[in-house]
Amino acid sequence: MTRQTANSTPHLNPCGLDSLSERQALVVLEGSAKQALETGRTRLLVAGLVFTLAFFVIAVRLVDVSLITGTAEARLAQGPSGPATAGARADILDRNGTILATTLPTASLYANPREVRDPRGAARQLARVLTGVSEAELTAKLDSERAFVWLQRHLTPRQHDAINRLGIPGLDFKRETKRIYPQGALAAHVVGFTDIDNRGLAGIERSFDEVLLGTERPLQLSLDLRVQHILTEELLAAMDEFRAIGAAGLVLDVRSGEVLASVSLPTFDPAQPGRAVTEARFNRTSLGIYEMGSVFKIFTTAMALDEGVVTLADGYDVSKPIRVARYVIRDFKPKNRWLSIPEIFIYSSNIGTVHMAMEAGTPSQRAYLERLGLTHPSGVELPEVGDPLLPSPWREINTMTISYGHGMAVSPLQLASAVATVVNDGERIPATLIKPLPGERPLGERVFSTKTSKAMRWLMRLGVQHGTGRKADAAGFLVGGKTGTADKVTGRRYASDANISSFVGAFPMDAPRYVIFAMVDEPKGHDGTFGYATGGWVAAPAVRRTVERMAPLVGLEPRSGQVAEGLDQGLIPASAKGFTLAAH
Amino acid sequence: MTRLMATVWLLAAGIAALGLFSVKHRVQGLERALVQERQAIQEVREGIDVLQAEWSYLNRPAEIARLASKHLGFVPLEAEQFIGFEELPPWRAPGVDSSPPNSSPQGPANPADATPLLASAETRQ
């Protein structure tokens with residue numbers, strides 16, 4: 001080609017130098033010599049072009065590899081620290097790192113019966129490994145003419161291994177993922193559960209659904225599994241002893257608002273939520289709302305002290321029941337005399353508490369309950385949160401009944417959180433189920449003065465030392481608190497035989513760290529309790545045992561007798577020095 | 001000269017091509033090995049996940065409590081079992097302790113207070 005071109009146009013220079021030929025003195029060769037030179041030039045040019053092209057391609061590829069594809073390489077190189085399972089869902093851990101929920105790859109066994117040579121023999125071998133399937137069923141499946149048949153979904157790793165060892169032709173595994181709850185029913189209400197496609201349906205699994213799907217980082221809850229276990233065991237024991245239909249309990253960190261334990265009984269297995277009855281799936285601590293009874297006297301007393309309408313030295317005559325409209329407000333165990341404020345609190349006098357609430361007034365009561373977070377749903381990170389039940393309109397009679405915990409229903413979580421506010425120097429810290437990052441401190445909101453909080457801590461301690469909560473006194477841990485026994489509402493009236501017995505307290509009272517709440521639903525008294533099924537008999541002992549068992553675990557040192565006595569003396573506010581209880 | 005240059009270039013190109021081919025071959029081999037390693041890592045990681053889940057399952061507090069009561073006879077700590085340093089019996093040098101505690105006029109009134117840690121340690125020796 002080149003040669004022909006050169007031949008046909010002999011006066012043209014193929015390198016384009018002919019344009020210069022007129023100005024430059026060029027040696028012009030003729031004949032074979034010229035032809036050879038022309039050929040050489042052409043070849044050089046072609047070779048040059050080819051090399052330029054080749055280097056250009058290499059350059060382009062280099063850019064592609066180092067700049068464009070290179071980023072993908074870097075990402076792949078980090079692969080091993082990425083997800084173990086495609087489409088995985090992040091783990092849920094307790095505060096100590098114990099796994100509450102995790103996603104595991106599972107193998108599901110299927111068969112192509114057409115390729116199974118000896119269905120009977122295969123079925124006999126498989127029946128020994130698989131659970132819940134009989135040999136006859138397996139034979140029938142393997143003997144069919146279909147090309148695909150499920151033998152078992154979600155094998156355990158051991159089954160998977162055993163079937164691999166059997167080496168039966170025609171069997172194969174399909175990889176799937178499954179949400180596993182190693183702790184079973186222990187924290188089922190908080191953790192929740194997922195559907196077959198691993199989407200959260202309840203609890204944390206639901207409220208943090210997007211977060212769990214979008215990240216690999218495990219979600220660490222504030223729960224302490226050990227405390228959760230202890231509280232569950234003690235509440236179960238109380239339920240058994242008093243033949244109750246349910247129970248609920250909470251342990252809250254006073255300073256950070258973290259929920260260390262949240263128990264709702266009866267509970268369910270999150271692996272099979274469909275098999276549980278509705279009551280078992282119901283979260284009594286956050287979704288259930290109850291009239292709490294006398295534990296509300298904590299708030300009424302704190303409000304009256306904080307407003308300054310009464311002082312610790314004041315008191316009321318509680319010998320006469322209060323009559324309002326068609327209601328009569330009486331005391332459970334009437335004292336029939338003048339009682340001081342501390343006495344009203346520790347003997348749980350309804351009449352005295354109503355007097356206190358009336359002196360403070362309805363607007364004041366509403367304002368305090370609102371600031372304590374009792375009038376609006378708890379902001380805890382669960383989808384199952386109950387709306388408190390408030391009187392509407394809020395009349396004087398409502399103020400009276402609410403002062404001792406009737407006519408207003410709140411969830412145990414709201415109550416425990418409000419009690420934490422009272423003992424935490426009057427500073428409200430919202431309850432949370434998520435472990436805060438180190439150094440992260442929640443913003444508190446002042447509800448009561450430090451002085452009120454100090455007085456209340458003393459009163460609550462007195463309630464356990466001398467009052468209705470005596471059975472909650474865990475030696476050395478300075479438990480303080482208040483019992484409550486509320487009649488249950490059935491239909492439109494209060495049932496006389498169905499109670500909710502509760503105890504809410506905090507410990508150690510000289511510097512409260514934990515708030516503990518226990519509630520037993522419809523306990524029935526027995527001979528050992530002289531037929532009583534009140535908060536003091538039912539919930540308080542469960543609280544004492546829980547405190548005794550959990551305190552060493554969370555690093556609280558028990559105080560020996562003398563030290564504890566000294567601390568108890570130190571709890572007495574200056575305004576109440578020299579206070580003695582009248583003989584009762 | 002041109003012919004020599006052409007030969008040199010041709011040779012260089014040939015060597016480069018051969019080199020490129022062998023590098024490409026090695027890279028392909030490495031890539032295959034990488035895929036295998038990744039798969040192995042993946043399998044190990046899945047194994048770890050399964051073992052962690054099993055560990056968590058075996059560490060259920062109820063199970064630990066059952067095992068502890070069965071094999072160890074442990075019970076929850078009581079408040080009285082905690083004492084402070086100031087409540088520990090005073091430490092005495094072994095020489096002082098060798099005389100019988102009751103014979104010493106300054107000895108504690110209660111002999112039980114004086115027996116203890118050191119004496120039992122000596123008998124063991």
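**Backbone notes**

Modeller: Let me start with Gly361(A), which follows helix 13 of chain A and has a positive phi, near 95°. Keep in mind that this is a predicted model.

Colleague: Thanks! How many of the 11 residues in helix 13 of chain A are buried?
Modeller: Eight of them are buried, so this helix, residues 350-360, is mostly covered. Among the buried ones are Ile351(A), Val354(A), Met356(A) and Ala360(A).

Colleague: And what does the side-chain oxygen of Ser349(A) reach at the start of that helix?
Modeller: It comes to within 3.5 Å of the backbone nitrogen of Ile351(A), and Ile351(A) is itself one of the buried residues.

Colleague: Switching topic: which residues does a cis peptide bond join?
Modeller: Leu265(A) and Pro266(A) are joined by one, with omega about -5°. Pro266(A) sits in the loop between strand 7 (259-265) and helix 10 (278-281) of chain A. Another cis bond links Phe507(A) to Pro508(A), with omega about -20°. Pro508(A) belongs to the loop between strand 17 (493-507) and strand 18 (514-521) of chain A.

Colleague: Back to phi, then. What is the value for His154(A)?
Modeller: Near 50°, which is positive in a residue other than glycine. His154(A) lies in strand 3 of chain A, residues 149-155.

Colleague: Why does His154(A) count as partly exposed?
Modeller: Because its relative accessibility is 21%, and buried means under 20%.

Colleague: Where is Arg243(A)?
Modeller: Arg243(A) is in the loop between helix 9 (225-241) and strand 6 (246-253) of chain A. Its phi is positive too, about 45°, although Arg243(A) is not a glycine.

Technical notes. Residues numbered from 1 in each chain as written. Chains lettered and ligands numbered in written order. Predicted model: local features only at pLDDT ≥ 70, side-chain atom pairs only at ≥ 80, totals over all residues. Heavy atoms only, no water. Helix = DSSP H or I, 4+ residues; strand = E, 2+ residues; numbered from the N terminus. Buried < 20%, exposed > 50% of the residue type's maximum accessible area, 1.4 Å probe, protein only. Polar contact = N/O pair within 3.5 Å; in protein donor to acceptor, adjacent residues only side chain to side chain.
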